[in-house]
Amino acid sequence: MNRSIIGKINAIAIYITWVFLAVLTAGLGFLMFDVRTDEVATLLFTGFGGLLLFGFIHFILSFFVRCPNCNKCLTAQGFRTPSNDSNGRPNSWSYVAARWFSGTVSCIHCDAKVNTNAL
């Protein structure tokens, strides 16, 4: 499978994970205000299940999306602080995922420009 397509699926999985994180947060917010209904339980179950499922999909796909310059994962950061991009902003896997469909992203490890349409 083309790495460009894997990268797009990975970015979409990250976006969906963020949506499920918001759903889980909303469900926990309802619990905080002592709203205990079946709908809140459904929100919590759906949010947690979706977060785990799409987080796992992102985890697996992130190992296949690599920088052509340094061959490190573009959306897996690790424990080290990533490098700054050419504008002085710190890179992170979330910034790369948010800008994936723009066409080019900066590698979080070596700051090389990566064409996301031709990986």
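Ser-4 sits in helix α1, where helices (H or I, at least four residues) and strands (E, at least two) are DSSP runs numbered from the N terminus. With a relative accessibility of 3%, Ser-4 counts as buried; here buried means under 20% relative accessible area, exposed over 50%, and partly exposed in between (1.4 Å probe, protein chains only). Leaving aside residues up to four places away in sequence, Ser-4 touches Thr-116, Asn-117 and Leu-119, a contact being heavy atoms within 4.5 Å.

A word on the model itself. It is a predicted one, in which local features need pLDDT of at least 70 and side-chain atom pairs count only at pLDDT 80 or more, while totals for chains, interfaces and linings use all residues. Residues are numbered from 1 along each chain as its sequence is written, and side-chain values use heavy atoms, with hydrogens and water left out. The chain has a mean pLDDT (the predictor's confidence in each residue, from 0 to 100) of 89, and 97% of its residues reach 70 or more.

Together with Phe-59, Ile-60, Phe-63 and Phe-64, Phe-56 makes a nonpolar surface patch of about 500 Å². Patches take residues with over 30% relative accessible area and no salt bridge, joining like charges within 9 Å and nonpolar side chains (Val, Leu, Ile, Met, Phe, Trp, Tyr) within 5 Å. A salt bridge is a side-chain nitrogen of Lys or Arg within 4 Å of a carboxyl oxygen of Asp or Glu.

Then there are the loops. Arg-36, in the loop between α1 and α2, is exposed, with a relative accessible area of 63%. Its C-alpha atom is separated by 36 Å from that of Trp-93, 57 residues apart along the chain. Ser-92, in the loop between α2 and α3, counts as buried at 18% relative accessibility. Ser-92 touches Gln-77, Pro-82 and Ile-108, again not counting residues up to four places away in sequence.

Key. Accessible areas come from the Shrake-Rupley method with a 1.4 Å probe; for residues, only the protein chains shown count as cover.
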